[in-house]
Amino acid sequence: MKNIQINHAQKGFTLIELMIVIAIIGILAAIAIPQYQDYIARSQVNRVMGETGSLKTAVEDCILNGRLDIGNAAGECDPGATASNLMADGGNSGPDLAPADLVGAGVPTVTDPLTDVSTIQATFGNNAAAVLQPAAGAAGLTWTRSANGSWACSTTVSPEYVPNGCEAAAGP
């Protein structure tokens, strides 16, 4: 009879191979998590810019038609804002919203009464990223109407989160 040699091939991974994989995952996580958090903050600033910017048309219509007081009574201007969970509680641009609609949410504040140089202001709060929260410096975003009817955006968020079409402003 012949002796049959049995080959005992390695089965599984060695401890050093597992440690290398864990180290690679740790390095990737250390880079990816802060990048993802920055991405979230930038997208939230863009979202608030869009939500507040959508009120410009309603405000412009109210100014042109002489409805200068913010409210939902006859002859008043209702900008028609919807509640946003990224804005701080409060605001006056959603007079038709019930108090239940504003739990954990806010709407922008519009200059009241409206003038030819009105503003639409939003302050970050509630579910906004930590770097946009009041504890981080009460960041906000403002649309300002000039006397000639053009609008400009400015924001007090950190410069790395300022969206295209908006400028960094000093102070909250």
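F124 touches Q44, V45, V48, L86, M87, A88, L132, P134, A139, G140, L141 and V157, leaving aside residues up to four places away in sequence. This is a predicted model. F124 is also one of the residues with the most contacts inside the largest nonpolar core. An open sheet of five strands, with mixed pairing, runs in the order 1-2-3-4-5.

**Nonpolar core**
- The largest nonpolar core has 30 residues.
- L114, F124 and L132 have the most contacts inside this core.
- Helix 1 (15-53), helix 2 (55-64), strand 2 (119-123), strand 3 and strand 4 each give two or more residues to the core.
- In soluble globular proteins, nonpolar side chains tend to be buried together.

**Sheet edges and helix packing**
- Strand 1 (109-110) and strand 5 are the edge strands, and each pairs on one side only.
- Helix 1 packs on the sheet and touches strand 2, strand 3 and strand 4.
- The direction of helix 1 makes about 35 degrees with that of strand 3.

**Strand 1 to strand 3**
- Strand 1 and strand 2 are antiparallel and pair over two bridges.
- T109 has Q121 in strand 2 as its bridge partner.
- Strand 2 and strand 3 also run antiparallel, joined by five bridges.
- A122 has L141 in strand 3 as its bridge partner.
- T123 stands opposite G140 in strand 3.
- Both G140 and L141 are among the residues that F124 touches.

- Strand 3 (residues 140-145) runs antiparallel to strand 4, with five bridges between them.
- T142 has S154 in strand 4 as its bridge partner.
- Five residues lie between the strands in the hairpin of strand 3 and strand 4.
- In that hairpin, G149 takes a positive phi near 95 degrees.
- Strand 4 and strand 5 (residues 167-168) run parallel and are joined by two bridges.
- S154 has E167 in strand 5 as its bridge partner.

- W151, C153 and T155 point to one face and are buried.

Key. Residues numbered from 1 in each chain as written. Predicted model: local features only at pLDDT ≥ 70, side-chain atom pairs only at ≥ 80, totals over all residues. Heavy atoms only, no water. Buried < 20%, exposed > 50% of the residue type's maximum accessible area, 1.4 Å probe, protein only. Helix = DSSP H or I, 4+ residues; strand = E, 2+ residues; numbered from the N terminus. Pairing = 2+ DSSP bridges. Core = buried A, V, L, I, M, F, W, Y, C linked by side-chain atoms within 4.5 Å. Contact = heavy atoms within 4.5 Å. Axes fitted to C-alpha atoms, helices over the stretch in contact; angles between N-to-C directions.
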